[in-house]
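Welcome! Have the sequence and the 3D view at hand, and let us walk through this structure together.

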Amino acid sequence: MAEARAVVTPRVRRPGGRRSWRGWQFVGPFMAMFTLVFLAPIAYSIYLSLFQTKLIGGTTFVGIDNYRTALSDPQFWSSFGRVAVFLAVQVPIMLFIALLLALAVDSGRLYGKAFFRVSVFLPYAVPAVVATLMWSFMYGSEFGLINDLNDAFGLSLPNPLSAHLLLASIGNIVTWEFVGYNMLIFYSALKVVPASLYEAAEIDGAGQLRIVWAIKIPALRGALLIATIFSIIGSFQLFNEPAILKHLAPNVITSSYTPNYYAYTLSFAGQQQNYSATVAIVMGVITVIIAYLVQVRGMRKAV
């Protein structure tokens, strides 16, 4: 019997014996832009976080002192706790609504499915700033929709921009913006499920609820994991909504309402660019760790 021989693909070299760099000609533009817009800002932020600028004394190297300050900063941890609560409440609600909408569109029993799908996705096409401004006019208790309803029907609806309702009001805006985006992720995952699985389930006498629970939900595990990770990252990046609503609720939205808004005010209002970069780096590391843990846990469940 002839011995099996391993097939070795030779490296592509030029006639002169030199290696060909043609592949890098295709990858090079992307790597250059990736370095310029992603790696360079991170490196510069880390560089800034290692220094401290004072009015008297100028800029001095302080090492990890800024990180020690950030880890013991009550304002930073208060803002982090706020977005953590936001994440724990808003993300499950948003993903659950998106899941129901995706199942409704995929069922084939929805009248005007194309129009419904576009109308649900349309809020995602609205810029976040415009969406927040639109909702702020409706939230206004003195000039907006809430005020009109109170005047028209003699009601006394609570102010959505009050201290105990503001986080829920922001969650409503974010859900309105991104539920259609997540619905498309789920709907795309459902479209790749083989039709033979549905046919076999119907032959076995499975009803629609059984098909959803036994076939569709398991097929969505990967999409659910991706949507959850994206939502976690987006929650920790919360900035537009509190920054715009602050003009309507200045006594509720403080300069450290969210970590991103805290870093912004430190840099542009407090002229503390070094400490602002530190807060951003710490928050980025925390976000990466939490997203990674969710990914590992989700992959273990899938196995």
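## Aromatic rings

Tyr44, Tyr47, Phe51 and Phe61 come together as one aromatic cluster. The model you are looking at is a predicted one, and a search through the whole of it finds 17 aromatic pairs. A pair of aromatic rings is described by the distance of the centres and the angle of the planes.

Take Tyr124 and Tyr181 as an example: their ring centres are 4.8 Å apart and their planes meet at 25 degrees, so this pair is stacked. Tyr124 belongs to helix H4 (residues 113–125) and Tyr181 to helix H7, so the pair ties together parts that are 57 residues apart in sequence. Tyr124 is partly exposed, with a relative accessible area of 34%, and Tyr181, at 25%, also counts as partly exposed.

Another pair to find is Trp135 with Tyr139. Here the ring centres lie 5.7 Å apart and the planes are at 45 degrees, so the pair is tilted. Both residues sit in helix H5 (residues 128–139), and being four residues apart, they are separated by about one helical turn. Trp135 is buried, with a relative accessible area of 14%, and Tyr139 is buried at 7%.

## The nonpolar cores

In soluble globular proteins, nonpolar side chains tend to be buried together. Which residues touch the most other members of the largest nonpolar core? Among its 37 residues, they are Phe76, Met183, Phe186, Leu220, Phe236 and Val279. Two or more residues come from each of helix H2 (65–71), helix H3 (74–106), helix H7 (166–191), helix H10 (221–236), helix H12 (259–268) and helix H13 (273–302). The greatest contribution is that of H3, with 13 residues.

Setting aside its neighbours within four places in sequence, Phe186 is in contact with Leu95, Ala98, Leu99, Ala102, Leu220, Ala223, Leu224 and Ala227.

Met33 is partly exposed, with a relative accessible area of 47%.

Leu100 can be found in helix H3. At 44% relative accessibility, Leu100 counts as partly exposed. Leu100 and Phe178 are 78 residues apart in sequence, and their C-alpha atoms are 14 Å apart in space.

## Two salt bridges

Side chains of opposite charge can pair when their charged atoms come close. How many salt bridges does a search of the whole structure find? The search finds two.

In one of them, Arg68 pairs with Asp65, and the closest N and O atoms are 3.5 Å apart. Both residues lie in helix H2, three residues apart, which is about one turn of the helix. Arg68 is exposed, with a relative accessible area of 55%, while Asp65, at 36%, counts as partly exposed.

In the other, the side chains of Lys216 and Asp106 meet at 3.0 Å, N to O. This pair links distant parts of the chain, with Lys216 in helix H9 (residues 208–219) and Asp106 in helix H3, 110 residues apart. Are these two residues buried or exposed? Lys216 counts as buried, at 6% relative accessibility, and Asp106 is buried as well, at 16%.

Technical notes:
Residues are numbered from 1 along each chain as its sequence is written. This is a predicted model: local features need pLDDT of at least 70, side-chain atom pairs count only at pLDDT 80 or more; totals for chains, interfaces and linings use all residues. Side-chain values use heavy atoms; hydrogens and water are left out. Buried means under 20% relative accessible area, exposed over 50%, partly exposed in between (1.4 Å probe, protein chains only). A nonpolar core is a set of buried Ala, Val, Leu, Ile, Met, Phe, Trp, Tyr and Cys residues joined through side-chain atoms within 4.5 Å. Contact means heavy atoms within 4.5 Å. Rings of Phe, Tyr and Trp (its six-membered ring) pair if their centres lie within 6.5 Å; planes under 30 degrees apart count as stacked, over 60 as edge-to-face and the rest as tilted. A salt bridge is a side-chain nitrogen of Lys or Arg within 4 Å of a carboxyl oxygen of Asp or Glu.
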